[in-house]
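Subject: Structure handover and what was found in it

Dear colleague,

Please find below the structure we spoke of handing over, with its sequence. My notes follow it, and I would be glad if you read them with the coordinates open.

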Amino acid sequence: MKVSKISWLFRQDLGFYLLTALLLVAISFLAFSCSVLSQQLVAIVFLLYFSFLLFKKYRTSFKLVLLTAVTFASLIYVSKKEIPFNLTAQSQVKLYPDQIRIKDDYLTGVGHYQQGNILISVRVTKEQEKLLKEGRPVLLTQITGECDPIEPATNQGEFDYQNYYLAKRISQRIKYTSCNLVLLKSQNLFDYLHEWRFYLQNYFNRMPQLLGFFGSELVLGENNAQENQEILNNYRNLGVIHLLSISGLHVGIYVLLISIVCFYLKLTDEETFACCSLVLLLGIFLSSGQAGFVRASLTYFLGKICKFKHYRVSQPDLLGLTCILHILLVPRLFMAAGAILSYILAAGLQLTNRFNKLTQSILLNVLLTPLLLFFFYQVNLLTVLFNMLVVPYFNYVVMPVTFINILTFWLTDQLALMEEQILNLGEKAIAKLSLTKWGLITFGQINWWQCLTLLLLTALLIIAWREKTAWYFDKKQLEINLFMVYAIFFSMIHFPLRGQVTFIDVGQGDSILITTPFPRKVYLIDTGGKLNFTGKKQTPQVNRITLPFLKSQGISVIDGIFVSHQDADHVGDLGPLLEQIRVKKLFMAKGLINNPSFQKRINGRVRNTKLVELLAGMQVREPKITFNVVYPYQPGEGKNEDSLSVFFKVANRSWLFTGDLGQDGEKEIMQKTPFTVDYFKLGHHGSKTSSNPGFLQAIKPKKVFISAGRKNRFGHPHQETLTTLRQQQIPWVSTQDCGMISWYYGGLESPKFDCFLKRRRK
């Protein structure tokens, strides 16, 4: 064996590096991802277990383990002790051109200060935009504005940008009102690399849509999600979204192509390795350190070094060594879902390497299913079949066409037009396949201990299948147990013993979910929607908030939607919601259906939805719940004064929702249909135009709820309304402070309230 300074690293027994990696992962989860005591205890149990195994099996090397663990703990300490950005007149922030976006005179992106990174969000002048589009790094100086923490998710199921950026060591956001932009006079290698990446971004943006999308995905690991959301949804629904991520597949392809070229150039293995390494290092930079690409690249580097030096390292230990190096470089690595999925997939490949390709594919999908349910709430049972159909198309059509276009587009765009047509045919076929929703199950979100249980059971099952002789666990019994656990978790989500009334935090708008205990029925009062003051097309926020929440609840069908009135902050997202989820009935006040703006929202989207017009005095009798209509008394046009108002009672608690009904309408209700309620959704987001003091005295609510946006331009809730509540000693809660607010009833527990943000902080 060839002697070198690092040879001692490879004189360990089988499993040493894998166990050490698992120990570091346990420490990582304990430091960054365990927010409650039960999670911390489980992480500590795993930490102690891996420490015991390492001490028992590799006692002579345990000092190396301790040194590695202490080094990692020190890196975690440094990572957590990030110095916050203090906005002063002397503050400077560096911007790289490839890390910012300018759209509609609005700049967003990541800036860099001396101690870390920070998000930037600001409107820019035409002169500043022109300077930024030159593609050179700039300095922000003389900054005035606000610097705030990045806000967390405020609804269940909503993507958590706070955690996403914390994984990148970014915790703050600057919203500045003015600044001075200065071009950097001296530049280093990284500045030039960022410039080159910026030019690549512009290069892809000039291409036809599909070619630009795939080129940006496969080279830079990024895309314009707003313009290409339909493509992403199609791949996600079929369970083949991994094809659009820069991963080990791309590392293998790059290495193969470079090796072929080097072979014909008669280069040695060492020279070929050097060429591959340069390309992969460049790929790591261009992809902004995508976890899957880095993992596969590190595995290639370490594997080749071991081969050249004749070090014998098993594949599991090679993966462990990769993980150790990766997590030491990026201590927050496993805060990101992509890194977890990448390493679990790599471990799964090791576990299933004895099986044929079809069996391996099935087992890998079973192994990844718990994580998919934890992060994305749905799974496609036909993923293996769709992979067999889509992977050849992607490998032999999309990737060659995309890379040929990348190499030739600068010469001519005529070839690109033909290539775009080829991709367009393939994507249309995938879209049609996706629309069938064959095999797609909205399972719902499992919690962390359910995910861990399913992962362990699946791993045990795969190991049992690998064994040729009798093993500790009966294979059939493990299969039955795994199926039963999935069935139990599915039943807990889809056949709940509890119902709920949930105020979804849709910002400046209304959307309330009402469900009943088993058999569950699902109703919405309004859908929310963004008020658009710019006149430009916006992405429906229902895609970001309401649909993920419904999926996390395992809801794929809505029994009824009550539309209070026409305003965009109440029904602006009705159309997009109808397009993506089945709605059995649409309830509205009489006359709204004749409103041209409302007709435009629902045209072509209600083929299988029954439209029901309502007036005061009518009832909507549904299983386990009856909605009583208390307003309007006359048909209207869908204005505030025509707001559909409903009253219902569940678990001996009564609720009233009046949309944006004004004080005149409230007085009319009490004159014609006097009643009292337990809970009331304050009219018009707490505006002084609603919730008349006399009306509140008459209905005697025990608690009221306000649904309003943070720092909204209307100043909701108005101080006059809050003063009235204080004078009448009526407690109130707001989505501004609590995020999503839920009231649960039924089952074995007493009815209770839950505020999403307060629970999260606790």
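Helices, of at least four residues, and strands, of at least two, are DSSP runs numbered from the N terminus, and the labels below follow that scheme. Please keep in mind throughout that this is a predicted model.

One runs from Phe518 to Pro519, with omega near 0 degrees, and Pro519 sits in the loop between strand S9 (512-515) and strand S10 (522-525). Another joins Tyr631 and Pro632, with omega at about 5 degrees, and Pro632 belongs to the loop between S17 and S18.

Two residues other than glycine have a positive phi. For Asp526 the angle is about 70 degrees; this residue is in the loop between S10 and helix H19 (546-552), and with a relative accessible area of 1% Asp526 is buried, because buried means under 20%. For Ser691 phi is near 55 degrees; its loop runs between strand S20 (679-681) and helix H24 (693-699), and at 4% relative accessibility Ser691 also counts as buried.

A further loop residue to look at is Thr352, which is found between helix H13 (337-351) and helix H14 (357-375). Thr352 is buried as well, with a relative accessible area of 1%, and, leaving aside residues up to four places away in sequence, it touches Gln360, Leu363, Leu364, Ile462 and Arg466.

Turning to the packing, in soluble globular proteins nonpolar side chains tend to be buried together. The largest nonpolar core here has 60 residues, of which Ile27, Leu54 and Phe334 touch the most other members. Helix H1 (residues 16-32) gives this core its largest share, 10 residues. Ile27 is in contact with Leu47, Ala69, Phe72 and Ile76, again not counting residues up to four places away in sequence. Apart from that core lies another, of 32 residues, which includes Phe204, Leu232, Phe386 and Ala416.

The structure also holds 53 aromatic pairs, and I describe two of them here. The ring centres of Phe16 and Tyr58 are 5.3 Å apart and the planes stand at 85 degrees, so this pair is edge-to-face, the cut-off being over 60 degrees. Since Phe16 lies in helix H1 and Tyr58 in the loop between helix H2 (37-57) and helix H3 (62-80), the pair ties together parts that are 42 residues apart in sequence. Phe16 is buried, at a relative accessible area of 1%, and Tyr58 counts as buried at 3%.

The rings of Phe627 and Phe648 likewise have their centres 5.3 Å apart, with planes at 65 degrees, so this pair too is edge-to-face. Phe627 is in strand S17 (residues 625-631) and Phe648 in strand S18 (residues 645-650), so parts 21 residues apart in sequence are tied together by the pair. Both Phe627 and Phe648 are buried.

At least two lining residues come from each of helix H6 (189-205), helix H7 (209-220), helix H9 (248-264), helix H10 (269-286) and helix H15 (383-408), and H15 supplies the largest share, seven residues. How does this lining divide into nonpolar, polar and charged residues? There are 21 nonpolar residues, two polar and no charged.

The lining of the largest cavity divides into three nonpolar, two polar and two charged residues.

With best regards

Technical notes
Residues are numbered from 1 along each chain as its sequence is written. This is a predicted model: local features need pLDDT of at least 70, side-chain atom pairs count only at pLDDT 80 or more; totals for chains, interfaces and linings use all residues. Side-chain values use heavy atoms; hydrogens and water are left out. Ala, Val, Leu, Ile, Met, Phe, Trp, Tyr, Cys and Pro count as nonpolar, Asp, Glu, Lys and Arg as charged, and the others, Gly among them, as polar. A nonpolar core is a set of buried Ala, Val, Leu, Ile, Met, Phe, Trp, Tyr and Cys residues joined through side-chain atoms within 4.5 Å. Buried means under 20% relative accessible area, exposed over 50%, partly exposed in between (1.4 Å probe, protein chains only). Contact means heavy atoms within 4.5 Å. Rings of Phe, Tyr and Trp (its six-membered ring) pair if their centres lie within 6.5 Å; planes under 30 degrees apart count as stacked, over 60 as edge-to-face and the rest as tilted.
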